[in-house]
2 protein chains.
Amino acid sequence: MGSIGELGEFGLIGRLTRRLPQGPDVRLGPGDDAAVIAAPDGRVVATTDLLVEGRHFRRDWSGPYDIGRKAAAQNLADVVAMGARPTALLVGFAAPPSTDAAWAERLYDGLADECRRAGASVAGGDVVGAPEVTLAVTALGDLGGGAPLTRSGARPGDLVAVRGRLGHASAGLALLAEGRDGPAELLAAHRRPEPPYEAGAEARDAGATALLDVSDGLVQDLGHLADASGVRIDVDSATLVVPEALGPDGLRHVLTGGEDHGFAGTFPPDSPPPPSWTVIGTVGRGAGVRVDGRVPDAAGWDHFRG
Amino acid sequence: MGSIGELGEFGLIGRLTRRLPQGPDVRLGPGDDAAVIAAPDGRVVATTDLLVEGRHFRRDWSGPYDIGRKAAAQNLADVVAMGARPTALLVGFAAPPSTDAAWAERLYDGLADECRRAGASVAGGDVVGAPEVTLAVTALGDLGGGAPLTRSGARPGDLVAVRGRLGHASAGLALLAEGRDGPAELLAAHRRPEPPYEAGAEARDAGATALLDVSDGLVQDLGHLADASGVRIDVDSATLVVPEALGPDGLRHVLTGGEDHGFAGTFPPDSPPPPSWTVIGTVGRGAGVRVDGRVPDAAGWDHFRG
């Protein structure tokens with residue numbers, strides 16, 4: 001099939017867009033100046049992330065299909081974290097002209113499959129040449145008449161709860177950095193986060209006061225929530241699920257590891273979250289995050305310093 | 001003020017978002033998992049572009065303010081080319097940690113000012129570290145109840161018309177490549193395209209059958225329109241405005257130069273465009289683009305081959 005440079009911009013766009021079936025929310029898909037996507041609520045939720053080779057993924061650690069899955073997942077999770085239903089993704093793809101076209105196709109298969117998991121479509125995008133592979137993913141979603149679940153709604157007395165895996169992606173990344181090839185479950189967790197997309201609707205239906213996706217690490221992300229809400233959050237580490245597979249640093253991975261794209265939310269005490277959620281702490285007056293009463297020393301992840 | 005690496009991700013985000021006033025369409029701006037933007041039509045127009053240093057811009061040829069203006073302009077123009085009103089931009093910004101924070105601030109000033117020209121806001125985004133400066137810009141817009149102006153609506157008998165500058169950005173780029181420092185008007189046209197955003201509403205009000213923004217070059221973009229509509233387009237070069245300042249290659253710049261982000265549209269003969277547009281040809285049965293009856297040999301611009 002050859003390289004994407006041999007195919008050229010328009011040849012590559014043709015090959016990639018054929019792999020992107022369009023769901024009913026897409027009123028006009030790839031091929032025009034812009035896409036047109038349903039926004040029945042009259043508002044649209046929108047978020048964008050840049051993923052850069054060598055910094056957010058390594059082509060020797062993750063195949064193209066998993067890179068596509070993960071790039072889609074982290075943006076779809078941001079839409080769900082607002083209590084919205086994901087509708088569409090726009091994808092900017094930069095790569096060296098020598099990149100194998102089949103590699104690019106597998107990446108788009110991953111993007112499309114992750115969208116399918118969340119009920120969304122890849123509705124448009126851009127392809128350009130660049131020294132490194134870079135992905136720019138924008139996700140859109142619909143609030144279905146509900147108020148957005150922001151980070152600023154937590155109130156003293158609320159319960160703090162989480163949904164989905166924590167620490168697995170971080171433990172998997174640590175294994176890859178050590179040159180280890182297992183446990184497979186953890187390597188897979190790093191490569192393919194699989195956020196529980198149903199968490200947004202569950203949180204909204206249960207009356208959540210605040211919600212976010214855990215991308216920088218539990219302590220750091222709860223810190224963002226505490227700052228935005230003007231509250232203090234107390235976590236009881238004994239309530240956290242720390243599987244033995246996470247190894248001796250398991251609790252550290254669970255507290256500071258990002259990129260599993262689980263969800264953390266706050267719920268009034270008289271409307272607790274459903275059983276699929278784990279209550280891990282409480283909201284109080286004050287500021288910051290305490291774990292077992294102490295200020296944790298481990299930072300999360302800063303994309304310039306990390 | 002120091003480098004963006006010294007500021008860190010959250011410090012930089014704080015500095016940049018303070019420079020981004022939010023218009024009335026932004027229901028929730030930067031700082032949460034996602035932004036929330038008005039979409040009163042019930043559909044949202046969305047488009048995304050990646051701009052990579054050394055390929056789409058050079059830091060020695062354009063300052064940060066102009067890079068921001070241009071990055072915003074090319075995406076806002078895509079929204080306008082659908083006949084929509086731009087509402088918001090999301091911006092992914094990747095840069096080496098050594099980048100001067102003041103440089104990044106000027107870039108965001110350019111993004112914000114170009115949004116202001118178009119009546120939109122920078123509502124969210126992402127900042128990451130990377131070897132090259134890369135911008136990922138997504139623009140959103142509202143159709144206001146109208147049908148989108150696609151590339152596929154041109155019909156035999158329609159008039160072909162253009163609005164805005166053609167060839168100026170290309171002539172300016174050629175001057176920079178030759179190491180020349182004028183004419184200033186052409187260098188400015190390369191650095192800061194200034195699309196006539198009112199063109200979308202003008203075209204819609206006049207009953208345009210198709211519309212696109214001229215980003216790859218007039219001949220190539222009319223070729224996209226002809227392909228999508230299943231028609232042939234005949235251009236009469238004598239009708240094209242070729243200012244003397246464009247130099248001896250003026251007509252070539254006008255026919256093949258992209259990145260001025262003017263607009264080209266087709267109009268039924270009984271509802272011609274307003275006087276701000278220039279009629280340059282006609283739509284007929286067949287395929288492809290002819291200039292003065294001949295198939296032009298000059299290609300436009302291909303981002304992998306160009």
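# Exercises on a predicted two-chain model

Ser215(A) touches Asp221(A), Gly258(A), Glu259(A) and His261(A), with residues up to four places away in sequence left out of the count.

## Exercise 1. The annotated binding site

Task: State where Ser215(A) lies, and find which annotation covers this residue.

Solution. 

1. Ser215(A) belongs to the loop between strand 8 (210-214) and helix 7 (218-229) of chain A.
2. An unreviewed UniProt entry carries the annotation "binding site" for Tyr108(A), Gly125(A), Asp126(A), Arg151(A) and Ser215(A).
3. These positions span 108 residues of sequence and are spread in space as well, with up to 31.5 Å between C-alpha atoms.

## Exercise 2. The surroundings of Arg151(A)

Task: Determine whether Arg151(A) is buried or exposed, and list the residues with which Arg151(A) is in contact.

Solution. 

1. Arg151(A) is placed in the loop between strand 6 (134-142) and strand 7 (159-163) of chain A.
2. The relative accessibility of Arg151(A) is 12%. Buried means under 20%, so Arg151(A) counts as buried.
3. Neighbours within four places in sequence are set aside for the contacts of Arg151(A). In chain A, the contacts are Ala210(A), Leu211(A), Leu212(A), His224(A), Leu225(A), Ala228(A) and Ser229(A).
4. Arg151(A) is also in contact with Gly31(B), Asp32(B) and Asp33(B) of chain B.

## Exercise 3. Aromatic pairs

Task: Classify the pair formed by Phe93(A) and Tyr108(A), and then the pair formed by Phe267(B) and Trp277(B).

Solution. 

1. A pair of aromatic rings is described by the distance of the centres and the angle of the planes. Centres must lie within 6.5 Å, and planes over 60 degrees apart count as edge-to-face. By this rule there are four aromatic pairs over all chains.
2. For Phe93(A) and Tyr108(A), the distance is 5.8 Å centre to centre and the planes are at 85°, an edge-to-face pair.
3. Phe93(A) is part of strand 4 (residues 85-95) and Tyr108(A) part of helix 3 (residues 101-118) of chain A, so this pair ties together parts 15 residues apart in sequence.
4. Phe93(A) is buried at a relative accessible area of 0%, and Tyr108(A) is buried at 4% relative accessibility.
5. In chain B, the ring centres of Phe267(B) and Trp277(B) are 5.3 Å apart with the planes at 75°, so this pair is edge-to-face.
6. Phe267(B) lies in strand 10 (residues 262-267) of chain B, whereas Trp277(B) lies in the loop between strand 10 and strand 11 (278-284) of chain B; the two residues are 10 apart and the pair links distant parts of the chain.
7. Phe267(B) counts as buried at 0% relative accessibility, and Trp277(B) counts as buried at 5%.

## Exercise 4. Charges over rings

Task: Identify the ring that Arg59(A) lies over and the ring that Arg58(B) lies over.

Solution. 

1. Arg59(A) is over the face of Trp103(A), 5.2 Å from the ring centre.
2. Arg58(B) is over the face of Trp61(B), 3.9 Å from the ring centre.

## Exercise 5. Positive phi values

Task: Locate Glu194(A) and Glu259(B), and give the phi of Glu194(A) and of Glu259(B).

Solution. 

1. Glu194(A) is in the loop between helix 5 and helix 6 (199-206) of chain A. Its phi is positive, near 50°, in a residue other than glycine.
2. Glu194(A) counts as partly exposed, at 39% relative accessibility.
3. Glu259(B) is in the loop between helix 8 (250-256) and strand 10 of chain B. Phi of Glu259(B) is positive, about 75°, although Glu259(B) is not a glycine.

Methods. Residues numbered from 1 in each chain as written. Chains lettered and ligands numbered in written order. Predicted model: local features only at pLDDT ≥ 70, side-chain atom pairs only at ≥ 80, totals over all residues. Heavy atoms only, no water. Phe/Tyr/Trp six-rings, centres within 6.5 Å; stacked < 30°, edge-to-face > 60°. Helix = DSSP H or I, 4+ residues; strand = E, 2+ residues; numbered from the N terminus. Buried < 20%, exposed > 50% of the residue type's maximum accessible area, 1.4 Å probe, protein only. Lys NZ or Arg CZ within 6 Å of the ring centre and 35° of its normal. UniProt positions renumbered as here; feature names shortened; annotations may be inferred. Contact = heavy atoms within 4.5 Å.
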